[in-house]
Amino acid sequence: MTYVSVDVMWTLIGAAMVFFMQAGFSLCEAGLTRAKNTGNILMKNLMDFCIGTPAYWLVGFGIMFGGSGALVGGFDPFILGDYDFGSLPKWCYVIFQTVFCATAATIVSGSMAERTKFSSYCVYSALISLVVYPVSGHWIWGGGWLAGLGFHDFAGSCAVHMVGGVAACIGAATLGPRIGKYGKDGKPRAIPGHNLTAVALGVFILWFCWFGFNGCSTVSMSSDEAVLSASLIFMNTNMAAAVATCVVLAVTWILYKKPDVSMCLNGALAGLVAITAGCDVVDPFGAFFIGLAAGGLVVASVEFFDKIAKIDDPVGAVSVHGACGMFGTLAVGLFATDGGLFYGGGFKMLGIQAIGVLSVAAWAGIMMVIIFQLIKHTIGLRVEQEIEIDGLDLHEHGLASAYSGFAIHDVTGTMDINENTDLGEDNPLAATPAQLNAAVPVERIGLENGADTVGGLVQTGMYKVAVVAKLSRFDKLKKALNDLGVTGMTVTQVMGCGIQKGAGEYYRGVEMDATLLPKVKIEVVVSKIPVDDVIAAAKKALYTGHIGDGKIFVFQVARVVKIRTGEENRDALRDVE
């Protein structure tokens with residue numbers, strides 16, 4: 001066979017651009033989540049491509065394009081049969097399809113961010129590339145039954161994005177919301193991402209790469225027809241993204257009184273996803289209205305999943321890829337210039353598109369329910385409470401911070417666990433007094449029982465209790481002290497280690513001398529409340545039985561002055577009215 005070199009080059013450039021979307025997804029997901037999980041997000045986006053590549057090569061591509069297939073010629077994958085690669089070499093087409101598979105897998109990581117075990121992520125990411133994506137992909141692109149019906153999904157609104165969005169929705173629902181996402185009243189709380197600059201850069205990278213995602217899906221540039229098609233696809237892709245962003249700008253400005261930056265960035269992606277199925281069969285007029293609808297849809301979808309369905313999706317992947325992927329696929333039946341409902345084609349094409357959407361959603365949904373439930377009841381799907389609050393970077397990867405030298409842990413006081421946060425964990429057994437005393441030692445500084453003075457200072461009966469503890473125990477300690485009657489406290493974020501110098505970790509194969517772990521220091525001053533009661537409450541709240549439960553320091557306080565009234569000592573404290 002003689003290959004057309006321009007077609008090969010065009011397809012390989014497209015494969016490279018679609019691969020670079022991994023960088024865009026990494027930046028978007030990392031920026032829209034908290035800094036303490038950045039390393040974990042980056043690892044997931046790295047590994048879903050690295051795991052997916054051999055998985056798709058060995059099994060997935062054969063399912064998608066070669067039927068049952070067989071190993072051919074040594075290290076060939078399960079492929080071939082009678083599939084016609086046209087003017088492309090076999091491996092050119094394989095790598096082009098591989099990067100699309102990786103895109104479907106990486107969508108899931110964003111919706112399940114900040115609370116998923118890394119090992120579990122690797123398992124379900126592999127299964128998506130091995131089975132879930134290839135089967136429905138075969139129906140659409142591999143000569144399967146949907147292709148026979150005339151179902152149209154040019155570059156993957158359904159085959160890639162909706163499959164990823166459905167998997168993301170099932171995964172987020174199975175995990176449950178992040179700690180602190182919903183209050184006791186069930187209302188959602190904002191958990192802002194830590195870096196909108198990274199999100200914006202990620203969106204611009206994705207927008208750029210989408211020209212390869214859609215435009216290079218022609219897999220040809222060797223004819224006038226292919227050149228005209230690619231040009232139209234580029235135009236439509238850009239139009240839908242721009243219009244969707246403008247719509248989100250207007251909608252959020254009206255709803256929230258100010259334009260929402262992160263939602264506008266999601267709006268651009270919503271338009272890109274929605275136009276992907278029909279970018280080759282609609283005109284710019286149709287692309288305009290597809291973008292218009294996608295912009296409104298993504299805002300409504302985010303509001304629905306956040307406030308009504310209560311599915312915690314940190315990056316909006318379910319709305320962007322799931323909802324807009326579904327809409328974009330159906331929009332082909334509305335706006336296709338040849339056969340679309342709005343162009344006099346009747347309901348036939350729209351009906352075929354609807355059948356495709358329902359069947360692929362059912363396949364992906366059922367398979368992901370089975371996969372996630374198997375993982376949940378075997379190796380576990382969600383990390384423990386302490387790991388989630390401290391951050392996955394520290395516990396899953398031994399990384400104290402992905403931003404060395406910068407404070408990354410926020411003490412918001414909203415990470416309470418209630419009936420709206422099911423971690424699937426049993427309550428730990430109550431600690432004995434001996435365990436508490438061993439795990440949480442108390443040092444009394446400047447206190448001498450029975451003495452009238454200490455260091456020349458008169459005993460005042462006022463004490464400062466300083467507690468250094470794990471960040472994950474802060475909310476429990478705060479509540480315990482509030483229940484005791486202590487309402488004033490000073491909270492400081494600190495980094496530290498004890499005699500053990502933290503857990504032994506390695507960076508690029510070299511053991512780190514001491515790992516400074518994120519801690520929180522809580523200081524209270526009491527007088528009428530017995531200091532021993534404060535100590536007992538703190539011990540009970542902090543005990544886990546593991547190294548690093550913390551320490552309690554008790555200091556004599558010589559004098560306290562309230563600035564506003566001038567009251568001194570016990571009158572200034574008034575810790576119990």
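Modeller: A nonpolar core is a set of buried Ala, Val, Leu, Ile, Met, Phe, Trp, Tyr and Cys residues joined through side-chain atoms within 4.5 Å, where buried means under 20% relative accessible area with a 1.4 Å probe and protein chains only. This is a predicted model, in which local features need pLDDT of at least 70, side-chain atom pairs count only at pLDDT 80 or more, and totals for chains, interfaces and linings use all residues. Residues are numbered from 1 along each chain as its sequence is written, and side-chain values use heavy atoms, with hydrogens and water left out.

Colleague: Which element gives the most to the largest nonpolar core?

Modeller: That core has 101 residues, of which Phe100, Tyr124, Tyr133, Ile140 and Trp141 touch the most other members. Helices are DSSP runs (H or I, at least four residues), numbered from the N terminus. With 12 residues, the element that gives the most to this core is H3.

Colleague: Which element gives the most to the lining of the largest cavity?

Modeller: A cavity is a set of points on a 1 Å grid over the protein atoms alone where a 1.4 Å probe fits but cannot get out, and lining residues have an atom within 4 Å of a point. The largest cavity has a volume of about 130 Å³, the space filled by probe spheres set on points joined across faces, edges and corners. Of its 17 lining residues, the closest to its centre are Cys28, Asn266, Leu269, Val315 and His321. With four residues, the element that gives the most to this lining is H9.

Methods: On a 1 Å grid over the protein atoms alone, a cavity is a set of points where a 1.4 Å probe fits but cannot get out, and a pocket is an open set with protein on both sides within 12 Å along at least five of seven lines; lining residues have an atom within 4 Å of a point. Helices (H or I, at least four residues) and strands (E, at least two) are DSSP runs, numbered from the N terminus. Buried means under 20% relative accessible area, exposed over 50%, partly exposed in between (1.4 Å probe, protein chains only).
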